[in-house]
Amino acid sequence: MMLQSKTPNYADPALHTAGLFIGGEWLPGDGIPVHDPSTGKVLGEVADASVEDAMRAVDAAEAAAAGWSDTPPRQRSEILRRWFQLMTEHAEELARLISLENGKALPDARGEVAYAAEFFRWYAEEATRIAGEYRHTPSGAHKILVDHEPIGIAVLITPWNFPAAMATRKIGPALAAGCTVILKPASETPLTAYAMARLGEEAGVPPGVVNVLTTSKPSDITSRMLQDPRVRKLSFTGSTGVGRVLLAEAAKSVVSCSMELGGNAPFLVFDDADLDAALDGAMIAKMRNAGEACTAANRFIVQAGIHEAFVAGLTKRMAALKVGAGYEAETQCGPMITKNAVKKIDRLVRDAIAAGARATTGGEPLQQDGYFYPPTVLENVSHDTTIAREEIFGPVAAVYKFESEDDAVRLANDTEYGLAAYLYSRDLKRAMRVGKRLETGMLGINRGLMSDPAAPFGGVKQSGLGREGGVTGILEFMEPKYYAIEL
Ligand code: NAP
């Protein structure tokens, strides 16, 4: 039976303003406008935290820390489980809110809410299974006991492209581990974070365990929080550029960092692939969130024998997509997050065309209100252009051709990133052989979607450090303590 929630309807425009959430209290404030990318109009406004507000949040997290880490795991688990239930109960309203402030099409927003809520369910389960170790020393003379303790106060910084899921993927394991947190969501999409904080209150999260603040000064606030010795963890999801800056900042106080950064996913299609399955997978890997995903297929690397049929099939499917406001029922491809995002995509496409690529559909920004770029397919793309090196973060599929397996591996690995990769082939031996040579944290074999709360999500090279989700995700918020024992 579904629990009846008292929490108000988040799609209600009256709730498109929010103050800071610190120590279980809502502090009034304004200063950061929130836009609807489907129209470009201002949707609401949220508070702009100062450095003093951020230190208040650290004080609140500190005041709640001992009580929360001493709360029995079963009780922590039940609070997370109740939060999952409330998110599920409010799924449609949350999806509409995400669609409103982020622009993504409603089916994508619904998918995100379900995925986001699953992190609370998964970590409600993991909270009760935190394990230790007991061993004999090789000499046999002593015993080794390893316990895991909550790492301490965690600062969580999240991007705009998955405003619910990137927050729950951090809050879930942090709370399960016994940590208190300060969440700083992206300025473009703060309403979802505040809506989820209200659900957390209702789920019974004690005051100060989860604090949420928005700010126009993320750099000042983060560096001040990281200088405070009570803050022991930084968990960041966002661009590689900002990740590098934050790693340097965290180094000053030797704060533990988990970094989920940018990607440049190759999508390899071999001649022996099932063409329809590859096209289905390509559409998911490219068009989930209109391409605004770190795991989005950025480079379609297709073998010569299947290349023509793949480009024709992809062009047909991309051209058939309905572009529109994210929250309109028919929409399959919503707007980009900002006008600048459209400008960046336009630059990448123009550079590629100037270097010899051809658009088989799309290729020009749409001239209408809101921040729209049409689904686009580029063929004959040179791997020396910027579109092969930078994240496109939009609905543009750039297709490259290869002849041999070695070529495919060389092209796929020719990037500073290593987050996600995809491979389509009917030959599983080949898939595993090539998979082993790919520099990536995650590989989808004959699948266009890999995100799963039960799996370790993360990248190698400049795509990040550490993993979120799965059975190891909780350890990012824990410190092992070794007891050397003489019995
Ligand atoms: P971003 O510009 O790096 O911003 C991410 C977050 O960091 C935002 O909350 C932002 O706040 C904050 N921020 C920016 N500069 C900061 C600073 N100097 N100090 C502290 N915080 C700072 O990234 P984005 O444009 O929001 O997101 C897109 C990027 O995220 C892409 O590169 C994508 O690949 C990556 N991403 C990675 C994953 C993954 O799991 N690996 C998942 C999703 C997205 P403001 O909004 O206030 O600027």
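Predicted model: local features only at pLDDT ≥ 70, side-chain atom pairs only at ≥ 80, totals over all residues.
**Notebook: ligand site and helix packing**

I started with the ligand and found 31 residues around it, the closest being Arg169, Ser187, Ser239, Leu261 and Glu391.

Next I looked up polar side-chain atoms facing the ligand's oxygens. For Glu391, one of the closest residues, I get 2.6 Å between an N or O atom of its side chain and a ligand oxygen. Trp160 puts a polar side-chain atom 2.9 Å from an oxygen atom of the ligand. For Lys184, the distance from a polar side-chain atom to a ligand oxygen is 3.1 Å.

**Helix H6, two partners**

Then I moved on to H6 (residues 190-203) and began with H2 (residues 73-89). Their axes come within 9 Å and cross at roughly 130°. Angles over 145 degrees would count as roughly antiparallel and 65 to 115 as roughly perpendicular, so I log H2 and H6 as oblique to each other. I also noted that the crossing of H2 past H6 is right-handed.

Who touches whom here? From H2 I listed Ile79, Arg82, Trp83, Leu86 and Met87, and from H6 Met196, Leu199, Gly200, Glu202 and Ala203. Sorted by class, that H2 contact with H6 comes to 7 nonpolar, 1 polar and 2 charged residues.

The other partner I checked was H3 (residues 91-102), which packs on H6 at an angle of about 160° with the axes 8 Å apart. That angle makes H3 roughly antiparallel to H6. On the H3 side I wrote down Leu94, Leu97, Ile98 and Glu101. They meet Pro190, Leu191, Thr192, Ala195, Met196 and Leu199 of H6.

**H13 and H14**

H13 goes past H14 in a right-handed crossing.

Which residues make this contact? H13 brings Glu405, Asp406, Val409 and Asn413, while H14 brings Arg430, Arg433, Val434 and Arg437. My class tally for H13 with H14 reads 5 charged, 2 nonpolar and 1 polar.

Conventions:
Residues numbered from 1 in each chain as written. Heavy atoms only, no water. Left-handed = near helix turned anticlockwise from the far one by under 90°. Helix = DSSP H or I, 4+ residues; strand = E, 2+ residues; numbered from the N terminus. Contact = heavy atoms within 4.5 Å. Nonpolar A, V, L, I, M, F, W, Y, C, P; charged D, E, K, R; others polar. Axes fitted to C-alpha atoms, helices over the stretch in contact; angles between N-to-C directions. Parallel < 35°, antiparallel > 145°, perpendicular 65-115°, else oblique. Near = heavy atom within 4 Å. Polar contact = N/O pair within 3.5 Å; in protein donor to acceptor, adjacent residues only side chain to side chain.
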